[in-house]
Amino acid sequence: MKYLLIYFLLLAGVNGISAQHQTRELQAVRTHQPPDIDGIESESSWRKAPAADGFYQYEPHNDRPASFDTRVKVLYDDNALYIFARLYDPEPDLILTEIGPRNSGNNINAEQFWIDINPFDDGVNGFRFMVSSSGVQTDINISGTDGMSGDVNWDAVWESAVNIDDRGWTVEVRIPYSALRFPRNSVQEWGINFWREIRRKREQSSWNFVNRRVGDVLAYMGLLRGIEGITPPLRLSFFPYVSTYLENSDTEGEWTRSSVAGMDLKYGISNSFTLDMTLIPDFGQVQSDARVLNLSPYEVKYDENRQFFTEGTELFGKADVFYSRRIGDTPKAYGKVTQELNPGEVIEENPLETRMINATKVSGRTSSGLGLGIFNAMTAESRAVIRDTLTGGTRELTTQPFTNYSVLVADQSLRNNSFASLINTNVSGAADGYMANVTATEFRFMDASNNFRINGNMAVSQQYESGNDNVSGYTYDITAGKVSGTWQYAYNRLVYSDTYDPNDLGYLAHNNLVMNKVSFSHNIFDPFWRLWNLRNELSINYNQLHTPSTFSGFNIGYSLRALFDTRFFILWRANYRPVGHRDYFEPRVPGKFYETDAAYDLFLMYSTDYRKRVYLDGNFRYDRIMSSENQYEYGFELKPTFRVSDRLNMTYGFNYNGQENDIGYVRHTSRDNVFFGKRNTDTYINTLSGSYMFSNALSLQLDFRHYWSLVEYLGDYYLLKDDGSLLDVTTDLQVNDINFNAFTVDMLLTWHFAPGSQVSLAWKNVIDSHKTHLRRSYFDNLRNTLEEPQVNSLSLKLLYYLDYAMLQGLF
C-alpha cells in the first residue's frame with residue numbers, strides 16, 4: 001500500500017526535490033610549465049588551481065548529492081587545456097577496469113570520467129572527452145544533440161592517463177587547442193561540465209546540475225572563466241596511408257595483389273572552420289554490410305561505415321536529406337546493361353560500384369553561432385564491357401558518367417537552445433543531362449524553461465533531365481508539444497507529396513504519405529519501489545495518401561519503458577489496427593492497393609545488468625492479421641554477452657523470424673494483372689562478435705554473421721482486384737522458392753602505435769548465395785553455403801598522423 005501511495009503521488013507530479021540550481025563557474029589558471037600527463041598530481045601548478053566539486057546525481061536520484069566526492073581542476077597555456085580529476089572511492093579494490101577498443105564509451109564495464117566542452121557556450125554545440133578507469137579514450141561530437149548521444153566517429157588527437165590508488169582513482173587530460181574550435185577572443189568563456197559514472201552503482205553525476213526531466217545536457221553547462229591571451233593555432237594535419245591487398249575470388253581462382261596509397265588532410269581555414277579532404281580514398285577495411293533478403297517494395301538502407309563519411313558530419317545531417325552511401329553506389333544504368341546486348345554478346349565486366357575520385361568537406365561555426373558546411377565528392381565514369389562471342393571483339397557502355405555530389409548547409413544557433421538551418425544537396429551528371437536538387441530546412445524552437453518545443457523540417461526536391469519535364473515535390477514534418485516534466489504530449493504532422501524524391505543523395509523508403517500523430521506520456525524520474533524510472537506512452541496515428549487524398553491506415557499504440565534497481569530494463573510495445581490497412585506500395589503498380597484486415601502486434605525487449613560477467617539482451621515479437629487466412633508473424637532474439645576477463649569480451653546473437661501464410665507481391669504483367677502469392681518464410685541470423693585487448697593500444701576484433709532466409713510458396717496465388725481484395729487463380733505461376741544465405745567474417749587487428757597513427761591487419765570473407773532449393777537442415781545448408789563462390793581479402797594498412805606543429809618542431 002505504501003508503494004502504491006508513492007506511485008500515485010508521483011503520478012500527480014509531486015516531486016520530493018525541486019531546488020533551483022544556478023550556473024556554476026570555475027576559474028582556469030595559466031601555467032608556465034605544462035604538467036606531465038601521468039595521472040599523478042605532482043606539479044605545483046595544480047595546487048594553485050581552484051577545484052570544481054559538489055557533484056549532483058543525474059541518475060538514479062536526480063538532484064541528490066553524488067555518493068562519492070569528485071574534485072576537478074583546470075590549467076591552460078598557449079597550446080592546450082589541462083584537466084586533473086580526483087575521483088574518491090572508499091573501496092578502490094571494487095573499481096571496475098574492463099579494457100575495450102578506443103571509443104568504447106559506456107559500453108565497457110569500467111568507471112568513467114568525462115568533460116563536455118562548448119567553446120561557444122550556445123547550448124547547441126559541444127565536444128566530449130571521456131576516459132575510463134582502465135585508460136580507454138572516447139571522444140564524441142555532441143553538437144546538435146541532446147548530449148546523451150552524438151557522433152562517436154569524430155576522432156581528435158589528445159592525451160590522457162589514469163592512476164588507481166588507496167583513495168580512488170585519478171585522471172589527467174591534455175586537450176590541445178587543435179582538437180577544438182573556439183572564437184578568436186582575447187578573453188574566453190566556455191561552457192563546460194564534468195561528469196562521473198560509478199559503474200558498480202550505475203550512478204552518473206555532474207558538476208553543474210542537469211535536469212533529467214528536460215533531458216538536454218547541452219542546456220545545463222557550467223562556465224569556465226579565466227582563459228585569456230590564447231589564439232586558435234594553425235590546425236594542419238596530414239594522415240598519409242599505404243595499403244596492400246591480397247585477394248582471392250572463387251570465380252577467378254587466383255590470388256591477386258594490389259597496393260594503394262593516399263592521404264587524408266585536415267586544415268583549419270580559420271579559428272572556427274576546418275577543411276577535411278580524402279585523396280585517393282581507400283575503404284577496403286570497412287566492415288561488411290549486414291545483407292538481407294528483401295521482399296518488400298522498399299530499398300534496404302545500409303549503415304555508413306566509411307570513416308570519412310561518419311566523422312565530423314553532424315552539420316550535413318540536418319533535415320535528413322543526405323545519405324552518403326549514394327556516393328560510390330551502384331551505377332544508375334547497372335541493371336540496364338542486359339537490355340543493350342545484341343545476339344551473341346555477353347557481359348564481360350560491369351562494375352557494381354562507382355569509383356570515388358576524392359571527397360572534401362569544410363565545416364565550422366562562427367562566434368555568433370552560425371555553422372556553415374560545404375561537402376563535395378566526385379566519382380569517375382563507370383563503364384560496362386560487352387564481348388561478342390563470335391568475333392571476340394569488345395565494346396564499352398557507360399553505366400554512369402562522371403558525377404558530382406555537393407551539399408551546402410547553414411545552421412544558426414538561437415536563444416534557449418534553439419536553432420534554424422538551411423541545407424541544399426545537388427547531384428549532377430548521374431545521367432546525361434540530368435541534375436537533382438533538394439533544398440530543406442530544419443528548426444527547433446524552445447521556450448525559456450525548456451519545457452515546450454516546436455521542431456521539424458521542410459524540403460523541396462527538384463529533378464531536371466534533358467528532353468523531359470522537370471519534376472518537383474515537397475515534404476514537411478512538424479512536431480509541437482511539451483517535452484519535459486512528468487506529463488508530456490505532442491502533435492506531429494508528416495507529409496510527403498507523391499512527387500517528392502530526395503533519393504539521388506538522400507534516402508526515403510516511399511513518398512505519398514500524410515500522417516497525423518498525437519502522443520501522451522507519463523514519466524517518473526524519481527526511483528520508487530524497485531523502479532528507477534518509468535515511462536508510459538499512448539499514441540494515435542491516422543494515415544492517408546497525399547495524392548489522391550484517401551485513407552490508408554489507423555493505429556493505436558501503447559508503450560511502457562521501465563528500469564529496475566537491478567538494472568533490468570524492459571520495453572513493451574503494443575499496436576492495434578482496428579480497421580483494414582490499405583497498402584499502396586506492395587502492388588508495385590501506381591493506383592493499385594492491397595487491403596488487409598484489422599491487426600495487432602506485440603513487442604517486448606529486455607536487457608539485464610551490464611555490470612555482470614554474463615548479461616543478456618533479447619526481444620520477442622508477435623504480429624497477427626485478423627483474417628480467415630490465419631496470417632501471423634513471430635520472432636525472438638537472444639544475445640548473451642560473456643565478459644571472460646577485463647580483456648576478453650564475446651557476444652553471441654541468435655535471431656529468428658517466421659511468417660505463416662504471408663501474402664505478398666509475386667509479379668505483374670500489366671496494371672490489371674498484379675499477382676500475389678501465399679508463402680511461409682523462416683529467417684535465422686547467427687552472429688558472433690568478440691574483442692581481445694592486448695593493451696589499450698593493441699586490439700583484435702572479430703565479427704561473424706550468417707544470415708539464412710527461406711521462402712516457401714504454398715501454391716496459392718491471387719489476382720489483385722481494383723477494390724484491394726484478392727481473387728483466387730487456378731493457374732500455377734511457378735514461382736521459385738528462395739534459399740538465401742549471406743555469410744561474412746570480419747577480423748581486424750589494430751595497433752595504435754602513436755597518437756592518431758595506427759597499423760591495421762584485416763581479413764574479410766564474403767559469401768552471397770541465392771538458390772531455389774530449400775534445405776531445412778541448418779548444418780547441411782551451412783556446409784553448402786561454404787562451398788559457394790566466396791571472396792577472401794587480406795589487407796595491411798599503415799596510417800600515420802603528422803601535425804604541423806610537430807613538424808615545425810622537428811625542422
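This is a predicted model: local features need pLDDT of at least 70, side-chain atom pairs count only at pLDDT 80 or more; totals for chains, interfaces and linings use all residues.
Author: Residues are numbered from 1 along each chain as its sequence is written, and side-chain values use heavy atoms, with hydrogens and water left out.

Reader: Why is serine 795 called buried?
Author: Buried means under 20% relative accessible area, exposed over 50%, and partly exposed in between (1.4 Å probe, protein chains only). Serine 795 has 3% relative accessibility and therefore counts as buried. Of the 811 residues of the protein, 50% count as buried.

Reader: In which strand is the place of serine 795?
Author: Serine 795 lies in strand 43, residues 791-799. Strands (E, at least two residues) and helices (H or I, at least four) are DSSP runs numbered from the N terminus; the protein has 44 strands and 4 helices.

Reader: What makes the pair of serine 795 and glutamine 285 a polar contact?
Author: A polar contact is a pair of N or O atoms within 3.5 Å; within protein, one must be able to donate a hydrogen and the other to accept it, and residues adjacent in sequence count only if both atoms are side-chain atoms. The side chains of serine 795 and glutamine 285 are joined at 3.0 Å.

Reader: Which residues is serine 795 in contact with, leaving aside its neighbours within four places in sequence?
Author: Contact means heavy atoms within 4.5 Å. On that basis the residues are Thr244, Tyr245, Gln285, Ser760, Leu761 and Ala762.

Reader: What makes strand 22 and strand 23 a pair?
Author: Two strands pair if DSSP finds at least two bridges between them. Strand 22 and strand 23 (residues 418-428) have 11 bridges and pair in the antiparallel sense. Alanine 410 stands opposite leucine 422 in strand 23. The two strands form a hairpin with 3 residues between them, and asparagine 416 in the turn has a positive phi of about 60°. Strand 22 (residues 403-414) is also joined by 10 bridges to strand 19 (residues 370-379), again antiparallel, with serine 406 as the bridge partner of asparagine 376.

Reader: Why does the radius of gyration of the protein agree with a compact globule?
Author: The radius is taken over C-alpha atoms, and the globule rule is 2.2 Å times the number of residues to the power 0.38. For 811 residues a compact globule would have a value near 28 Å; the protein has 29 Å, which agrees.
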